[in-house]
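Dear colleague,

I am passing on the structure we spoke about, and my notes on it follow below. Please read them with the structure open beside you.

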Amino acid sequence: MAAIIRQHPRKIVAGGAIVAFLASPYAPSLFRTKGVSNIEDRWAAGGGGRHHTPGAATTLGKKHEVVGNQLDHKGMGTPHHQENIGEQKPEASKFDKAWNKSMYGAEKGK
């Protein structure tokens, strides 16, 4: 191994420099070709993000806006949920209450 290093020091230094450059953030990406860039732009224009799929839909046609449009959530604990969704669970029937009491020891269930 030492003989190879003594015989080809310039090749080893040049190879190390190339590897260091390709590993640096300044190197051009081998995977970001013109086609990949076009696909990213079209995906982002259709509502997706450039580097990920957002958890919520983005505004159609705005490729640089990757923040979702659901800033005001309507989930559990909000007044919207209490007024519109919270009371949709039906009351338990006599059979359900008897079943829960026999199986779980309480009429409400687990």
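**Helix 3 and its surroundings**

On one side of helix 3, Ile39 and Arg42 are exposed, whereas Ser37, Glu40, Asp41, Ala44 and Ala45 of that helix are buried. Seen down the axis of helix 3, the buried residues fall within an arc of 130°, so they line one face of the helix, and the exposed Ile39 and Arg42 lie on the other side. Please keep in mind that all of this comes from a predicted model.

Of the 110 residues, 15% are buried, and among the contacts with a separation of 6 or more, residues 24 or more positions apart account for 0%. The protein exposes about 9700 Å², of which carbon and sulfur atoms supply 61%.

On the surface there is a nonpolar patch formed by Ile18, Phe21, Leu22 and Tyr26, which together have about 500 Å² of accessible area. One of these residues, Ile18, has its place in helix 2, which covers residues 9-23, and Ile18 counts as exposed because its relative accessibility is 53%, where the cut-off for exposed is over 50%.

Definitions and conventions:
Residues numbered from 1 in each chain as written. Predicted model: local features only at pLDDT ≥ 70, side-chain atom pairs only at ≥ 80, totals over all residues. Heavy atoms only, no water. Buried < 20%, exposed > 50% of the residue type's maximum accessible area, 1.4 Å probe, protein only. Contact = heavy atoms within 4.5 Å. Areas by Shrake-Rupley, 256 points an atom, 1.4 Å probe, with all protein chains shown as cover. Patch = residues over 30% accessible without salt bridge, like charges linked within 9 Å, V, L, I, M, F, W, Y side chains within 5 Å. Salt bridge = Lys/Arg side-chain N within 4 Å of Asp/Glu carboxyl O. Helix = DSSP H or I, 4+ residues; strand = E, 2+ residues; numbered from the N terminus. Arc of directions from axis to C-beta.
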